[in-house]
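The sequence and the structure come first.

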Amino acid sequence: MSRIHEALKKAEQERGEVQAKSAAVFTVAPPANAVAPTSVAEPPKFIAPEIERARIPVTEPAVTNSAGYLRFDDLRKHCAHPQWHLDPSVNVFINPALTAHGSEQFRTLRSRLYQMRVSQSLRTLLVTSSVPAEGKTFVTNNLAQAIVRQPDRRALIIDADLRCSRMHVPLGAPASPGLTDYLRGEADELAIIQNGLDGSLCFIPGGNQVTNPSELLSNGRLRTLLDRMMPVFDWIILDSAPLLPVADSTVLANLVDGVLLVVRAGETPSQTAQRACQELEGRNIVGAVLNAVGPQHAYGSYYSLTYGYGYGDGQDGEPKATRGKGI
């Protein structure tokens, strides 16, 4: 019995020495508002390999905090800073013709999402639809704009529609390097993240075109990226391909906390929307956005998780002069 006691005591001492050496690798204090993921309880020796795979240079202690995660100020300092040119025709916060009603609708959607956080973990959000041209990019862009207009709120948009990347268009941002370059191991995180307005909104474009989107999205590197970014941003919003034509969004739905489904009013058949919900069975569908609602449906109940906006007349959700409806 004494031998067992001595062996356990020796193992405890050795484990303490290993942890003390590992903890010395990261010396910068964590930010006050950082939210640690579930893996933060693991010893730093298990976190360090994730950093190496993400190709962030661990020799720069100013970039990471004591848990090995990025800090927002340092991320913004080291990432790309192209000049963005926001398209006012698809941004309800900078277009006077759209601001009055559209911005309020997106603030309402933002508030509902924050309310859901009271009862569930909701930090990464996938925006998708049944078929193309329902306004996913429009909703993603304006939801992120609504979030960063709050004090000290940070949002990251990821263009995960690798078959038809268009999120860079409303932002007026470069299309590459981007997510495909990271997933293929050709660029690290800081090379693909953009901060073009010197504010709290960051963006990862789709990147160079590839022929195997589904395989890239499921190769494990996107999970690593999301795990690294979650402590840095209040929200990470992924714009994705439509559900029914390809399998990409089904893969992505397994990597996020919640899914927001965009439905185009008057055009998306109910059977099509139901099929999309069946594709998402077992995932957390937090709600739906009813896009391009006509003026005859301007007002409705405010007690559902379904939201409608009277904008989105073109392929990417270009606005039309109508009001929205929350049903």
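## Salt bridges

A salt bridge is taken here as a side-chain nitrogen of Lys or Arg within 4 Å of a carboxyl oxygen of Asp or Glu. The model is predicted, and by this rule it holds nine salt bridges.

## A pair within helix α4

One of the bridges joins E104 to R107, with 3.8 Å between the closest N and O atoms. Both residues lie in helix α4 (residues 96-116), and because they are three residues apart there, about one helical turn separates them. E104 is partly exposed at 43% relative accessibility, and R107 is also partly exposed, at 30%.

## A pair between distant parts of the chain

R163 and D248 form a salt bridge with an N to O distance of 2.7 Å. This pair links distant parts of the chain, 85 residues apart: R163 sits in the loop between β2 (155-159) and α6 (168-171), and D248 in helix α11 (residues 248-253). R163 is partly exposed, with a relative accessible area of 40%, whereas D248 is buried at 0%.

## Further bridges

R264 bridges to E267, the closest N and O atoms being 3.3 Å apart. Here R264 is buried, at 4% relative accessibility, while E267 is exposed, at 55%.

Salt bridges also link D181, R184 and E186 in a network.

## Cysteines

The number of disulfides in the structure is zero. C164 has a relative accessible area of 41% and is partly exposed. C277 is partly exposed as well, with a relative accessible area of 35%.

Definitions and conventions
Residues are numbered from 1 along each chain as its sequence is written. This is a predicted model: local features need pLDDT of at least 70, side-chain atom pairs count only at pLDDT 80 or more; totals for chains, interfaces and linings use all residues. Side-chain values use heavy atoms; hydrogens and water are left out. A disulfide is a pair of cysteine sulfur atoms within 2.5 Å. Buried means under 20% relative accessible area, exposed over 50%, partly exposed in between (1.4 Å probe, protein chains only). Helices (H or I, at least four residues) and strands (E, at least two) are DSSP runs, numbered from the N terminus.
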